[in-house]
Amino acid sequence: MAKGDEFLSIYVRRRGSRVSDHACRYVDASDPLWGAETTAGTEDEAGAVRDSALAGLRLLIVAGSDLYQRFVEETAPNWGIAHSHAERPQDALEMLRAAATKGRDYDLCLIDETLAGNGISLVREIGQDAPLARLRVLILSDRPDAARRRWRIPHVVGVLTKPLSRLDLHRCIAEALEQRPEAAERARVLIVDDDAGTRFVIRSILANDGYGIEEAEGAAQALALCERRMPDVVLMDAHMPETDGFTACTRIRGLNAGEHIPLLVITALDDEHTIDRAFGAGATDYIPKPLNFAVLRKRVARLLAASRAEERVRRLAFHDPLTGLPNRTLFRERLITLLAPGPIDTSCHAVLFLDLDRFKLVNDTLGHETGDLLLKAVAERITGCVRTCDLVARLGGDEFTIILERIATLEVAAAVARKVVEVVSHPFVFLGQEVYVGASVGIALYPNDGRDIGTLLKHADMAMYRAKKVGNRFVFYNRAIGEGLSRRLALEGDLRRAQSRDELRVYYQPQIDARTAEVVGMEALVRWAHPRLGLLKPARFIPLAEETGLIVPIAEWVLRTACAQNRAWQDRGLGPFTVAVNVSARQLVQNDLEGQVEGILGETGLSPQYLELEFTEGAVMRQPEDMQKRLLGIKEAGCRISIDHFGTGYSSLSYLKHFPFDRLKIDQSFVRHLTSNPDDAAITRTIIAMGHVLRLRVVAEGVESEAQLRYLQRLGCDEVQGFYISQPLPAERVTAMLTENRCWIPKPLSADDRRVLLIVDDDTDVVQALLRQLGSDAYTLLTAQSAGAAFELLATHDVRVVISDQRMPGIDGVGFLSRLRELYPDTVRMLLTAHADLELITEAVNKGWVYKFITKPWEAAELRRQLREAFAHFEKTTREKATRPLPARPTERHDVPEWRAVPLCGA
């Protein structure tokens, strides 16, 4: 016991459960609300509080938030209790009455006697409120003896002592449930007769049978009582002043929940016409006067029994047995009634389709019993977010629907959806473990989004699917969603038939050695010659193929076609070079890739060394240990392996070093702004250096300009591919280009003695003046009027010195030179300015952004002198770098045994 004297050791025994004397409960007396306790003993003893008999019990806790939070965390999840909370008595009364109106009464109410707002008055109000007559109340008190004397009233069934313990609460709840009266004792009978004597006699007879009796002197009073709360059976006198019993029966049938109530008509006439009139008015049965009280008692008991049986059948037919919510059938009936043709009605209704996120994870990890408890708790929370007139239903699994009737604007539906998402996102606690789920909600509005049930549900489901896909919590349906899903469904159908109709094509994009300009590989890329949409690129249909599993047969066909084509090129004396084929994540999981590759290589006769398989980071890193073994098997077969789209996934050096990759492909997103974005340039430079350290050849994807190519050559990139070299082409066009023996790219710039000077200024007069003064000094002069044009020239020329004006549109001279320093650190940077902004210039010089600055107007002799110093500084820097050892160019890797010896678990 951690708190010594603060703990009390109490032996506990539960009725119906034998607990060993060695199983002790320890209560923390310092906690004013809840006693901290533990249970020692066998598994049966420890599990005594987890009683399935309490599952589904509806409990309202009227107490401070601290006690409720302790109850939620430590008790209710273990027992399967559906619990709600109110801190104020008036809130509690509203919740109890709302639940009674919906026919979903609470079974028990736990009330803190010292509650702010007077818990005593709340208990009394519950006792005086007829609709709450069945409710059983538990009192939580500081002085239990006084409380037991004070609360000797029928609906208070137990008194609990602070600090509250789980086992005491469990015992009290179990005893309270056992004290619930039988059906006959709980039944409420309404006697409607203008004769007080008749009412007194019937009341006396039926009260002895344990029924709760209510009386009405006439039809108007009876209707008022039924509107407030419908009784279990109505005894109606046929002949009364003002409104007769037949008319009253008809009106009761028209009330909410009055359709199935047993109506027993009492009449002095026993003729056929009266009997027909009684049944025509909706009577369930009749009994003639003078009354035979034995017959009356039997008739009432029989009607109640039949009504209870019918109610049970109706509940099984129209309600979900797990959550108690309306099921799909009742949901559709309610929606049919709501949308039924009638008088002109401009009301707007909303249908919300809700699906839980991460529910499958809870089911798989914590078990189906916990999943069921979670669904109950979710149902309770959703119900608390809507009005009394709205309907919440469970369609099955983790899908719920909500009908919002007669909303003024769509903002009302948005507010409800937002509230539902919020309450579902709060943690659920089961067996002491917090569980988090989310909700995706789709909303369809009547009549804008549909005028029939099928259309509304379909559109709400589409919107929910969209919400789940884009990550929004709720989405309103719009026509674009429906059209998009329809197009997707049609495209999926076409894709399933594309291969059998010979609509797929394989295109090839050359991979060129950045130093020798030779073809070293071809990447095989699939295209779809759609009969209506034309030639589709992979981005249009590959994600759909991945989702539907069609990627597996498509990828196998692409692999076989590419291998056969590469062998055909070699037979014609073109090559040899590798053909690269992309491998999807589905192939890694569902297919025997190693056996498939060996079989295709055998069929086509292609040597394994000329096949390269490309894997994305995400596919490899899903199950790295398993993927390492599979990739080693492919490597042992003699094939080459590359990692595609590098830099966009989540791989790290600690994992990457354990895989037998031969090539590393830089994603085109880093190449796109390579020559102007220092961050992309730094990432690309780092990837190339890292790849070379790991002895990998580095390939840059998406090269679209000479500037990008030249910059990659300077960084030492090994291979390039992209639209600047060639777009993906059909095999016959690639064959023609290979036959021409064309020059695919210009070779890297060679070092020479020319001194290249770049002048950047948007003022043409200044540029012309500099050209006139420097034209005779043996410089190669380049000019640019913007930073963007300057970056293009820097990438395609070996620029050694740059003179930039300070005032330029878009980006000033200091900003341009600071960026240039990150991209070309060896290039000497000079600033030309006519402004005496000494603070800015000083900062630029101190940070190394600017080598020197020149003020306007300048002296020609001084300018020439500073340029000579700048070129001398460049030559000195490059000579120093030339003496440093360069990293070796990566060679082909054939070191499979070494990779087999490195365990991945050591990463």
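1. Helix α32 (residues 787–796) packs with helix α33 (residues 813–823) at an angle of about 25 degrees, and their axes are 11 Å apart. This is a predicted model. Angles under 35 degrees count as roughly parallel, so α32 and α33 are roughly parallel to each other. Their crossing is right-handed.

2. Which residues make the contact between α32 and α33? From α32 come A787, A790, F791 and L794. They meet F816, R819, L820 and L823 of α33. By class, this contact has seven nonpolar residues, one charged residue and no polar ones.

3. K419 sits in helix α17 (residues 410–425). Is K419 buried or partly exposed? K419 is partly exposed, at a relative accessible area of 40%. Leaving aside neighbours within four places in sequence, K419 is in contact with G384 and C385. K419 and G384 are 35 residues apart along the chain, and 9.8 Å separates their C-alpha atoms.

4. Strand β18 (residues 438–446) is mostly covered, with nine of its nine residues buried. In a regular strand, side chains alternate between the two faces of the sheet. Both faces of β18 are covered. One side has G438, S440, G442, A444 and Y446. The other has A439, V441, I443 and L445.

5. Which strands does β18 pair with? Strand β13 (residues 348–357) is joined to β18 by nine bridges, and the two run antiparallel. Here A350 stands opposite L445 of β18. Strand β19 (residues 474–476) is joined to β18 by three bridges, and these two run parallel. In β19, V475 is the bridge partner of G442.

Technical notes. Residues numbered from 1 in each chain as written. Predicted model: local features only at pLDDT ≥ 70, side-chain atom pairs only at ≥ 80, totals over all residues. Heavy atoms only, no water. Axes fitted to C-alpha atoms, helices over the stretch in contact; angles between N-to-C directions. Helix = DSSP H or I, 4+ residues; strand = E, 2+ residues; numbered from the N terminus. Parallel < 35°, antiparallel > 145°, perpendicular 65-115°, else oblique. Left-handed = near helix turned anticlockwise from the far one by under 90°. Contact = heavy atoms within 4.5 Å. Nonpolar A, V, L, I, M, F, W, Y, C, P; charged D, E, K, R; others polar. Buried < 20%, exposed > 50% of the residue type's maximum accessible area, 1.4 Å probe, protein only. Pairing = 2+ DSSP bridges.
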